[in-house]
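The sequence and the coordinates are displayed first, and the description follows.

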Amino acid sequence: GVLPGQESALIGALLAAGVGPRVAAADDVRNLLLSPAAGLDPQARMDVRPLAGQLLDLLQDTPALHALSAKFALQLDGGEALAMREHPHDLWLAAADERHLLLGLAGCPSDAPLARIEAAQAVELVRQLLLLFLELATPEQSRMRQLLAQLPASELLQRLQARLDVPLQPPTADWQTPAGVERAPAGIYPQARAGLCMVVAGAQLGRLHAEQLLALAELSERHAGGELRLTPWQGLLLGNVPQAEAATLCNALGELGLLHEAGDPLLGLVACTGSAACARGLADSKHHALHLAELLRANGARPQAHLSACPRSCAS
Ligand code: SF4
């Protein structure tokens, strides 16, 4: 929906606001997923935000890593309850306790980990692992699972170990994936700090409008310390909300057209751009999703569904 001729001005404004990479070549490789509740969630084993910042610096400041595929993705899991853990990543790190991380490849923290490391060693480990991947992968192997189809993970770890000063430890024997959420969350959630809470809402089919963003900025300054976090469920999280203000904030989000009730059928629906704005679209998928949500509202069922208007299957 960006008007022709306005692209550069928009990009400039976004970069000036800090919503972008430091160097253009690093834009596609900043794929690091963490919980939107990082540092706030009472179930978390570690506040992973400082390490996340270091990993993003690593990806941006190491030109060799800009050769990674735009789809190559990392996950850093602090053990939060509000987390999306089922989506596979090329490399994942999950907090075992407040000082140790478990490492896994081509999967997610509900899989068995391969090794355990000190959190203080994580940046160097990721640096060496990514450089090793780029050395070993053929041009056809852009993702970790493709390399591991040819090279056993044990051998990759041996080669990694040879590049590290500290030993990779065996993974925790009784690793249990932290409990998470099964559906897109919405509503009020407890925060680790007493008296404060988090408020989560979904954006209808992943769309936020300028008027909503302006109102959200004002609400976040009034109730949430001026911070607004995006969620991997195509929604928003406002943290550090005084408990006494949470219901008022929730209602205000609802009035803005955001999905603030956990039972809303639209929270289970994802739709690609569709024929209304995508040249490849064979159907108006967002329109169909809204229609489906109306039928579900009456019917009571709450399925998870992904509507794509062509076989490329974008949007999720
Ligand atoms: S799935 Fe197809 S129609 Fe939908 S946004 Fe992607 S390319 Fe366009």
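## Ligand surroundings

The shell around the ligand is formed by Cys-272, Thr-273, Cys-278, Arg-280, Gly-281, Ala-309, Cys-310, Arg-312, Ser-313 and Cys-314, where a residue is near a molecule or strand if one of its heavy atoms lies within 4 Å of it. Sorted by class, this shell holds five nonpolar, three polar and two charged residues. In this classification Ala, Val, Leu, Ile, Met, Phe, Trp, Tyr, Cys and Pro are nonpolar, Asp, Glu, Lys and Arg are charged, and the others, Gly among them, are polar.

The model is predicted: local features need pLDDT of at least 70, side-chain atom pairs count only at pLDDT 80 or more, and totals for chains, interfaces and linings use all residues. Residues are numbered from 1 along each chain as its sequence is written, and side-chain values use heavy atoms, with hydrogens and water left out.

Cys-310, one of the residues around the ligand, is located in the segment after β11 (305-307). Helices (H or I, at least four residues) and strands (E, at least two) are DSSP runs, numbered from the N terminus. Not counting residues up to four places away in sequence, Cys-310 touches Arg-280 and Leu-282; contact means heavy atoms within 4.5 Å. From C-alpha to C-alpha, Cys-310 and Ala-9 are 31 Å apart in space, with a sequence separation of 301 residues.

## Domains

The domain assignment divides the chain into domain 1 (7-162) and domain 2 (187-307); such bounds come from an automatic or database domain assignment. Taken over C-alpha atoms, the domain centres are separated by 26 Å. Across the boundary, eleven residues of domain 1 are in contact with 14 residues of domain 2.

An open sheet of five strands, with mixed pairing, has the order β1-β2-β3-β4-β5; two strands pair if DSSP finds at least two bridges between them. Its edge strands are β1 (32-33) and β5 (115-118), each pairing on one side only. Within this sheet, β3 (residues 89-95) and β4 (residues 100-107) pair in the antiparallel sense over six bridges, and Trp-92 stands opposite Gly-104 in β4.

Helix α3 lies across β2 (74-77), β3, β4 and β5, and runs at about 165° to β3. Axes are lines fitted to C-alpha atoms, for helices over the stretch in contact, and angles run from 0 to 180 degrees between N-to-C directions. The axes of α2 (residues 49-61) and α3 (residues 122-136) come within 10 Å and cross at roughly 30°. In this pair, Leu-51, Gln-54, Leu-55, Leu-58 and Leu-59 of α2 meet Ala-122, Val-123, Val-126, Arg-127 and Leu-130 of α3. By class, the contact comprises eight nonpolar, one polar and one charged residues.

## Four-stranded sheet

A further open sheet, of four strands, has the order β6-β7-β9-β8 and antiparallel pairing. Strands β6 (187-190) and β8 (229-231) are its edges, each pairing on one side only. From one strand to the next, the twist averages 35°.

Four bridges join the antiparallel strands β6 and β7, with Cys-197 in β7 as the bridge partner of Pro-190. These two strands form a hairpin with five residues between them, and Gly-195 in the turn has a positive phi of about 85°. Strand β7 (residues 196-202) also pairs in the antiparallel sense with β9 (residues 235-242), over six bridges. In that pairing, Val-199 stands opposite Leu-238 in β9.
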